[in-house]
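User: Hi! Could you walk me through how some helices pack in this one?

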Amino acid sequence: MVSANRDMLTAIGGVFFLLPGLIGAVVVPTPALTGTMNQAAMTDAIMEFYTKAGPILVVLSLPMLVGYLTLLVMLLDRDRPTVGKAIGVGIRLLPSYLAAQILTSLALSVMWVVVVSALSAILPTLVAAFVSLVVMIYPLVRVVLVGPEMVTQRLRNPIRAIIGGLARTRGHTLRIMLYVGPAITLFLVVYVLAMIVAGVLATAVPQAEVQRMIGEAIGAVLFAVGYTYYTAIIASTYDQLGPVHGAGSSVSPSSPS
């Protein structure tokens with residue numbers, strides 16, 4: 001799917017994924033962390049960072065979400081819309097998608113608190129926290145197709161999109177997990193190794209700020225590539241499982257019948 005749409009994906013990914021990452025590298029301050037800090041001081045520094053940088057991070061995330069929705073339109077809409085039309089659809093669906101994300105995040109947070117509280121009653125705290133994270137993989141997988149459902153069905157109602165996304169994953173959770181999980185793991189390994197190499201090479205530059213910018217730029221490129229492939233993975237998953245009882249053919253929004 002990526003190979004067949006390489007030029008389009010490169011253009012959209014560059015504008016909506018790479019550019020915000022590069023802007024963030026310039027305008028977002030780094031957490032004031034040092035090796036001599038204790039855990040409480042590090043927690044305070046991180047909280048202060050998110051307090052100051054939070055609004056900027058939220059603003060920078062919006063074009064990334066538009067890019068995600070735009071790519072889903074380009075990959076799943078059988079009408080083959082132009083890039084301009086796909087961007088327009090992404091912008092119009094952004095408020096609904098944000099609402100769906102907030103609702104699912106709240107529900108998942110409540111579920112996690114319940115799970116970790118129940119496990120803490122019978123397991124050590126650290127073990128309970130780890131096991132609860134593993135348990136939460138299941139509900140996370142169940143909601144990964146909310147975006148494609150909203151895009152292909154042109155749903156403005158976030159509740160309907162969430163219900164539709166849950167319906168698409170019903171009975172397929174393990175298969176989706178075995179498909180998406182190794183891909184994300186591979187990306188994380190490549191990302192960590194690339195950033196280690198970049199950090200070593202950047203030491204040849206004497207200025208610390210220049211070193212940071214080089215690392216941030218390489219990280220932004222890797223993130224843009226990874227996010228593009230992740231979007232294609234989600235689109236291909238939906239293409240096989242939906243939209244009608246797992247029939248495997250995406251809809252044409254202009255003529256959904």
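This is a predicted model: local features need pLDDT of at least 70, side-chain atom pairs count only at pLDDT 80 or more; totals for chains, interfaces and linings use all residues.

User: At what angle do α1 and α9 cross?

Analyst: Roughly 145°, with the axes of α1 and α9 (residues 208–241) coming within 9 Å. Axes are lines fitted to C-alpha atoms, for helices over the stretch in contact, and angles run from 0 to 180 degrees between N-to-C directions. Helices are DSSP runs (H or I, at least four residues), numbered from the N terminus.

User: And what classes of residue make up that contact of α1 with α9?

Analyst: There are 12 nonpolar, four polar and two charged residues. Ala, Val, Leu, Ile, Met, Phe, Trp, Tyr, Cys and Pro count as nonpolar, Asp, Glu, Lys and Arg as charged, and the others, Gly among them, as polar.

User: Switching topic: how do α6 and α7 pack?

Analyst: Helix α6 (residues 146–153) packs on α7 (residues 158–169) at about 115°, their axes 8 Å apart. In α6, Val 146, Glu 149, Met 150 and Gln 153 meet α7 residues including Pro 158, Ala 161 and Ile 162; contact means heavy atoms within 4.5 Å.

User: Which classes there?

Analyst: The contact of α6 with α7 has five nonpolar, three polar and two charged residues.

User: Which helix gives the most to the nonpolar patch?

Analyst: Helix α1 (residues 6–27), with four residues. Val 27 lies in α1.

Conventions
Residues are numbered from 1 along each chain as its sequence is written. Side-chain values use heavy atoms; hydrogens and water are left out. Helices (H or I, at least four residues) and strands (E, at least two) are DSSP runs, numbered from the N terminus.
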